[in-house]
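Reader: Can you walk me through this one? I'd like to start with the terms.

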Number of protein chains: 2
Amino acid sequence: MKVSDKRDNIMRAALELVTEKGFHGAPMSRIAEEAGVAAGTIYCYFESKDTLIDELYHELEEKLLAVLKEGYSTTMSLRERFLHLGTALLKYFITNPACFRYMEQYMLSPFGTALKKNRLLGQTGEESIFKNLFEDGIFLKVLKDLPLFIHFALAFGPLIALARDQTLGLISMDDAQITQATEACWDGIKR
Amino acid sequence: MKVSDKRDNIMRAALELVTEKGFHGAPMSRIAEEAGVAAGTIYCYFESKDTLIDELYHELEEKLLAVLKEGYSTTMSLRERFLHLGTALLKYFITNPACFRYMEQYMLSPFGTALKKNRLLGQTGEESIFKNLFEDGIFLKVLKDLPLFIHFALAFGPLIALARDQTLGLISMDDAQITQATEACWDGIKR
DNA sequence: AATAAATGAGTGAATATTCATTCGCAGATA
DNA sequence: TATCTGCGAATGAATATTCACTCATTTATT
């Protein structure tokens with residue numbers, strides 16, 4: 001087994017366990033077991049459980065961001081840009097439920113709130129691509145003249161809620177419904 | 001100290017600690033300490049930590065539901081009914097941040113997902129009042145012809161997102177913004 | 001005095017992390 | 001080629017901590 005394989009296996013095991021049982025249902029011992037690795041080995045790759053959790057989050061976010069950018073261009077109309085990002089986000093979460101559940105748990109934990117506070121200053125991550133879209137829309141008077149944070153809530157809130165219900169197995173959406181839901185979000189933010 | 005005071009103090013302490021540090025940052029020993037009570041005393045009132053957590057949630061939900069029903073009447077127009085409920089919900093969460101943060105944590109934990117699954121069958125709790133509203137709106141062709149769960153997501157998603165950001169101290173909304181946000185939610189669900 | 005309520009040190013299980021030891025193998029040596 | 005050597009990677013038993021929960025005892029109430 002190669003060095004990088006071990007790191008990947010640890011990541012995979014952590015993702016799976018945290019997703020299924022939550023942060024506290026994922027002890028390092030079980031992560032190690034699941035990864036086919038000794039308990040101490042994790043500490044060859046990660047300083048602590050906290051850094052493992054952090055690094056996994058940032059890796060997932062990077063992948064998500066890459067997917068959102070696929071086929072995205074600022075030359076499209078604002079509505080097209082929004083629909084592209086919204087449906088891509090929802091579809092990605094639905095086809096990668098573990099990713100969604102991990103990111104959501106992270107975001108609601110002390111880790112995530114700390115991250116959010118930092119990002120209020122210099123914007124990074126997936127948020128800036130949406131920020132640009134909303135700012136353009138407000139300037140061009142296509143979107144309502146509301147604070148950015150309300151636009152974020154109106155756009156993301158429903159999509160996250162749907163992703164959650166779907167990954168929990170409470171509902172099952174098809175592509176048409178995904179589009180309908182994203183269009184309704186647009187109705188919420190558009191002027 | 002009266003018997004009921006002790007129970008209330010335990011509840012208050014649990015709410016405060018869970019709100020600030022999460023379920024796992026709220027060990028029974030600290031809840032007892034914060035409540036001014038011995039560790040064993042909690043077990044005079046609650047069978048286990050789990051039942052304490054459950055009972056606290058249901059108590060908070062009951063209070064919230066009572067507030068939402070204040071001044072609510074099905075004789076109002078659908079839009080008025082929705083704006084009443086939406087703004088009342090958001091205002092209540094903003095003025096009771098601990099309540100919001102507790103309920104959100106609960107809902108995302110295994111406790112909450114179990115509860116949600118049960119409620120899919122026989123509807124109870126705060127959901128039924130919204131369910132009636134949405135069903136009326138769809139029947140009267142005032143709302144989009146979408147599955148109920150999408151309406152729930154469109155209506156609650158943004159409000160919850162805003163309540164979260166506000167209770168985390170990331171934003172600060174005034175009454176006008178609360179109304180604007182709720183009106184935008186209406187735009188999302190209306191035909 | 002009799003009963004009930006409250007106490008808090010104690011118990012055992014679980015957990016994150018450490019560290020003395022082992023392992024595997026890339027080069028060096030003969 | 002065959003053997004040795006050094007070293008970082010990997011190990012997993014041991015450690016120290018934390019936690020939910022118990023129960024013999026004390027305190028309050030009637």
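Author: A salt bridge here is a side-chain nitrogen of Lys or Arg within 4 Å of a carboxyl oxygen of Asp or Glu.

Reader: How many salt bridges over all chains, then?

Author: A search of the whole structure finds 22. One of them joins A:Arg7 to A:Glu59, with the closest N and O atoms 3.5 Å apart. A:Arg7 lies in helix 1 (residues 3-21) of chain A and A:Glu59 in helix 4 (residues 49-69) of chain A, so the pair ties together parts that are 52 residues apart in sequence.

Reader: What are the ground rules for the model and the numbering?

Author: This is a predicted model, where local features need pLDDT of at least 70 and side-chain atom pairs count only at pLDDT 80 or more, while totals for chains, interfaces and linings use all residues. Residues are numbered from 1 along each chain as its sequence is written, chains are lettered from A and ligands numbered from 1 in the order in which they are written, and side-chain values use heavy atoms, with hydrogens and water left out.

Reader: How many helices and strands in chain A?

Author: Chain A has 10 helices and 0 strands. Helices (H or I, at least four residues) and strands (E, at least two) are DSSP runs, numbered from the N terminus. The C-alpha atoms of chain A fill a box of roughly 60 × 35 × 30 Å along the principal axes.

Reader: On to the interface. What area is buried between chain B and chain A?

Author: About 2800 Å², and carbon and sulfur atoms give 76% of that. Buried area is the accessible area (1.4 Å probe) that two parts lose on being put together, summed over both. In chain B, the residues losing the most area to chain A are B:Leu108, B:Phe149 and B:Leu170, together 20% of what that side buries.

Reader: And how many residues does the contact take from chain B and chain A?

Author: It takes 31 from chain B and 31 from chain A, where contact means heavy atoms within 4.5 Å.

Reader: How many salt bridges across the interface?

Author: The rule finds 4 between chain B and chain A. B:Lys144 forms a salt bridge with A:Asp187, the closest N and O atoms being 2.8 Å apart.

Reader: Which residues meet where helix 10 of chain A touches helix 10 of chain B?

Author: A:Ala184, A:Asp187 and A:Gly188 meet B:Ala184, B:Asp187 and B:Gly188.
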